[in-house]
Amino acid sequence: TTDLMDNYTVFFGHVLANSFYPGLQRAIGVGSAFESWSPREEDVVYRVLIPMTPPRGHSFHLELDSAEERRGKNFRVRVQLECTCTEEQQAENMLCFLHHPEEELRSNQDPSLLDTLCTKSYLDVEKTARWFYQLVRAIWPALPQSHNWHLKLLPSRRCCQFQVTNGIEIFRIEIQFGVRRGDSDIFVSSQPREAYTQSTTWPETYSVAEMKFFQHIARQAPPDSVHLRCLQFFTRLVLGFGFSTYSMKTIVMHLLNAFPVSQWRRGYLLQRLLDISDYLRLCVLTKHLKHFIVGNQRLPQDIRLPPDVQTARPYNLFHRLA
């Protein structure tokens with residue numbers, strides 16, 4: 001999956017180099033498959049997040065859409081045209097969207113991002129997803145994987161899902177896209193937070209920071225560490241009991257932050273399973289489970305958070321119980 005997405009990124013760069021569509025950076029693997037603990041190994045979805053950057057003559061501005069603590073923040077991505085009346089841009093034969101007549105722009109230059117992937121002045125998730133599907137389909141024949149693998153696009157409103165198969169193996173891939181908050185590991189992404197999310201709504205996602213936390217643990221953990229087995233065990237155990245996989249992942253992350261990695265060796269398996277069970281029981285009794293990333297002052301230094309995320313009060317993942 002990583003090789004395939006790296007190849008796609010190279011061709012994205014070639015195709016979009018002089019366009020007014022968002023720039024696409026290297027895909028970041030997120031979620032259980034890339035954290036090495038998929039609860040159902042026979043049904044793995046490889047999720048990747050592709051950071052987007054504004055094209056020439058444009059800038060992105062994140063506007064807080066909802067500050068509901070219980071469910072995290074929603075943003076809108078406002079797209080703004082920037083003046084390009086400089087010698088450098090003129091040397092590239094680029095007309096300024098702000099200061100050239102509309103007739104001249106229509107005749108001599110491709111439309112701006114505002115006219116292609118936006119609704120009013122805001123980047124539209126669903127329009128962006130349809131554009132992604134067209135890119136993935138168009139570029140596929142040029143990739144080396146296309147010689148031995150078959151591509152099948154799968155329907156989705158807010159991301160790009162497809163599977164590749166060679167007749168023996170099947171890999172299902174989900175491409176989410178997002179905009180980075182400053183230089184942090186927090187993004188606003190196309191991933192929906194509720195059953196219906198407006199097309200101009202970009203929820204804040206912590207998946208990259210969580211993936212980096214698991215990488216941090218993996219670098220320190222002994223070879224016989226059982227933290228991933230414990231997580232797999234509990235995510236399978238609670239299926240059908242109303243506890244989400246994300247809730248169990250959050251509990252294990254809290255405990256990984258509380259116990260040194262040396263205490264996750266095989267000899268501690270029973271004690272760690274009991275700790276996870278006790279933690280879950282306490283959270284159910286108090287009807288409160290703190291989000292792991294938001295407001296966490298004890299994260300590894302290489303995980304970068306925006307100041308408002310770092311100092312925020314962690315919201316309650318068990319707010320429905322409360």
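This is a predicted model: local features need pLDDT of at least 70, side-chain atom pairs count only at pLDDT 80 or more; totals for chains, interfaces and linings use all residues.

Colleague: How many of the 14 residues of H8 are buried?

Modeller: Eleven of the 14, so H8 is largely enclosed by the rest of the structure. Buried means under 20% relative accessible area (1.4 Å probe, protein chains only). Among the buried residues are Ser247, Lys249, Thr250 and Asn257. Helices here are DSSP runs of H or I with at least four residues, strands are E runs of at least two, and both are numbered from the N terminus.

Colleague: What covers the buried residues of H8?

Modeller: The cover includes helix H2 (32-35), H6, H7 and H9.

Colleague: At what angle do H8 and H9 pack?

Modeller: About 120°, with the axes 10 Å apart; H8 is residues 245-258 and H9 is residues 269-286. Axes are lines fitted to C-alpha atoms over the stretch in contact, and angles run from 0 to 180 degrees between N-to-C directions.

Colleague: Which residues make that contact?

Modeller: H8 contributes Met248, Ile251, Val252, His254 and Leu255, and H9 contributes Asp275, Ile276, Tyr279 and Leu280. Contact means heavy atoms within 4.5 Å.

Colleague: And H6, how many of its 14 residues are buried?

Modeller: Ten of the 14, so H6 is also largely enclosed by the rest of the structure. The buried residues of H6 include Glu210, Lys212, Phe213 and Phe214.

Colleague: Switching topic: where is Ser225 found?

Modeller: Ser225 is in the loop between H6 and helix H7 (227-237). At 17% relative accessibility, Ser225 counts as buried. The side chains of Ser225 and His227 are joined by a polar contact of 2.6 Å. A polar contact is a pair of N or O atoms within 3.5 Å; within protein, one must be able to donate a hydrogen and the other to accept it, and residues adjacent in sequence count only if both atoms are side-chain atoms.

Colleague: What else does Ser225 touch, not counting residues up to four places away in sequence?

Modeller: Trp264 and Arg265.

Colleague: Last one: is Val48 buried or exposed?

Modeller: Val48 counts as buried, at 3% relative accessibility. Val48 lies in strand E3 (residues 45-53). Leaving aside neighbours within four places in sequence, the contacts of Val48 include Met5, Phe34 and Ile175.

How values were computed:
Residues are numbered from 1 along each chain as its sequence is written. Side-chain values use heavy atoms; hydrogens and water are left out. Buried means under 20% relative accessible area, exposed over 50%, partly exposed in between (1.4 Å probe, protein chains only).
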